[in-house]
Amino acid sequence: MNANKDRDEAKTTLQRRLKRAMIVAVRLLCCSAILVCVIWLAALLYEDVQIEKTTKQTQALFGEDGTSPSPVPQETQSAPQETQSAPTETPRAQETYWPATTLDAATGWGQEETLQTVMPELSPRPANVSRFEALYAENPDVIGWLWVGENISLPVVQRDNEYYLEHDFNGNSRDAGTLFLDEKNKIWPVDENLLVYGHNMRNGSMFGKMGDYRKLDYLKQHPMVRFQLIYEEEAFAYVVIAAFDCSATVTDPQYFKINRRNFADEAEYQAYLDEIAAWSIYDIPIDVNVQDDLLTLVTCSYNQGNGRFLVIARKIREGETEDGMKIAMQEASKR
């Protein structure tokens, strides 16, 4: 009897010890999971703070809509003059101005096929305006500033179609990247269609709020986009003429060839205008023709694999007003 009793007590003691060990192990796992989550959240918060800090530093130089620039901080005005203005381009007798493009199925970016098109001699590009002096001294890749809707007021850079996918305006490694102009776009003379790319960030930074243009009410409230190149004295207004989701995969039935910057002739340009009108999720009562300049904003779309969301706008014409465009946009309807 005593032997059986001893065995039972030993068994009970062992079970208690195992139970306590399991409880300790579970607690350690929970603590580890909590610690990992805290570190992950802290990293996200740090990145958001850095993005916000960089954004505020650059936005301090410009107004909310491009009409009322804020004073340039004194410490940024003392940069040497020779670093504040872009060198003018040497006039060229020939220019490959009408490029044809093919899309790389692997990357979604364009590859250019050169056409031998001869242009008249070009005048030198104008010097940068004073409003961009501090930004240009900080980063000579800057080519302009963009205002979209309620939330987007950011600098636009141009280098290649890779670097600014993962670097902020100051060259720091950031998942949010920076808004950038297509590497093949020319800003002097200005291409017929300027393409600006930006990440669709879930925290709303960069082009993270551009998806609001899928809502008809938002389009009616914010039909205007403003864009200023570094040599322009003021921002130009553009009115939205199309918005739609598409795929950047050539074999996808929803594929749309995005990177078209110039057109060989008026017939090709008109075909493109008809194409974007057919793709648009809206019927927009804004006239557009082959004499107009376009601005295309491109971001990722999570509605499909390798998706893109495009908002396309045209520069308002002489004699048109932003108020007039806003009134006309009230007649837009969703398909």
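Gln-304 sits in the loop between β10 (294-301) and β11 (307-315); helices (H or I, at least four residues) and strands (E, at least two) are DSSP runs, numbered from the N terminus. The model is predicted: local features need pLDDT of at least 70, side-chain atom pairs count only at pLDDT 80 or more, and totals for chains, interfaces and linings use all residues. Residues are numbered from 1 along each chain as its sequence is written, and side-chain values use heavy atoms, with hydrogens and water left out.

- At 23% relative accessibility, Gln-304 is partly exposed; buried means under 20% relative accessible area, exposed over 50%, and partly exposed in between (1.4 Å probe, protein chains only).
- Not counting residues up to four places away in sequence, Gln-304 touches Asp-245, Cys-246, Ser-247, Asp-252 and Gln-254. A contact here means heavy atoms within 4.5 Å.
- Asp-245 is 59 residues from Gln-304 in sequence, yet their C-alpha atoms are 8.7 Å apart in space.
- Asn-306 is found in the loop between β10 and β11. Its phi is positive, about 50°, although Asn-306 is not a glycine.
- Asn-306 is partly exposed, at 33% relative accessibility.

**Confidence**

- The average pLDDT of the protein is 80, and 70% of the residues score at least 70. pLDDT is the predictor's confidence in each residue, from 0 to 100.
- Residues 66-120 have pLDDT below 50; beyond near neighbours in sequence, this stretch has 118 contacts in the model.
- Where pLDDT is low, the predicted coordinates should not be read in detail.

**Overall make-up**

- The protein has 5 helices and 12 strands.
- Of its 335 residues, 43% count as buried.
- Among contacts between residues at least 6 apart in sequence, 66% join residues at least 24 apart.

**Nonpolar core**

- The largest nonpolar core has 73 residues, and Leu-146 and Leu-297 touch the most other members. Such a core is a set of buried Ala, Val, Leu, Ile, Met, Phe, Trp, Tyr and Cys residues joined through side-chain atoms within 4.5 Å.
- Strand β8 (residues 236-247) gives the most to this core, with 9 residues.
- Outside four places in sequence, the contacts of Leu-297 include Leu-146, Val-148, Phe-207, Met-210 and Phe-309.

**Salt bridges**

- The structure holds 12 salt bridges, each a side-chain nitrogen of Lys or Arg within 4 Å of a carboxyl oxygen of Asp or Glu.
- Asp-141 and Arg-159 form one at 3.0 Å, N to O. Asp-141 lies in the loop between α2 (133-138) and β3 (142-148) and Arg-159 in the loop between β4 (152-157) and β5 (180-181), so the pair ties together parts 18 residues apart in sequence.
- Asp-141 is buried at 15% relative accessibility, whereas Arg-159 is partly exposed at 41%.
- Arg-226 and Glu-322 meet at 2.4 Å, N to O. This pair links distant parts of the chain, 96 residues apart: Arg-226 is in strand β7 (residues 224-229) and Glu-322 in helix α5 (residues 322-329).
- Arg-226 is buried, with a relative accessible area of 12%; Glu-322 is partly exposed, at 25%.
- Arg-317 pairs with Asp-292, the closest N and O atoms being 2.8 Å apart. Arg-317 is in the loop between β11 and α5, and Asp-292 is in the loop between β9 (282-283) and β10, 25 residues apart.
- Arg-317 is partly exposed at 25% relative accessibility, and Asp-292 is buried at 5%.
- A network of salt bridges links Asp-287, Asp-292, Arg-314, Arg-317 and Glu-320.

**Cysteines**

- A search of the whole structure finds 0 disulfides, a disulfide being a pair of cysteine sulfur atoms within 2.5 Å.
- Cys-246 is buried at 0% relative accessibility, while Cys-300 is partly exposed at 30%.

**Backbone features**

- The peptide bond from Trp-188 to Pro-189 is cis, with omega near -10°. Pro-189 lies in the loop between β5 and β6 (193-197).
- Met-206 has a positive phi of about 50° although it is not a glycine.
- Met-206 belongs to the loop between β6 and α3 (216-221), and it is buried, with a relative accessible area of 10%.
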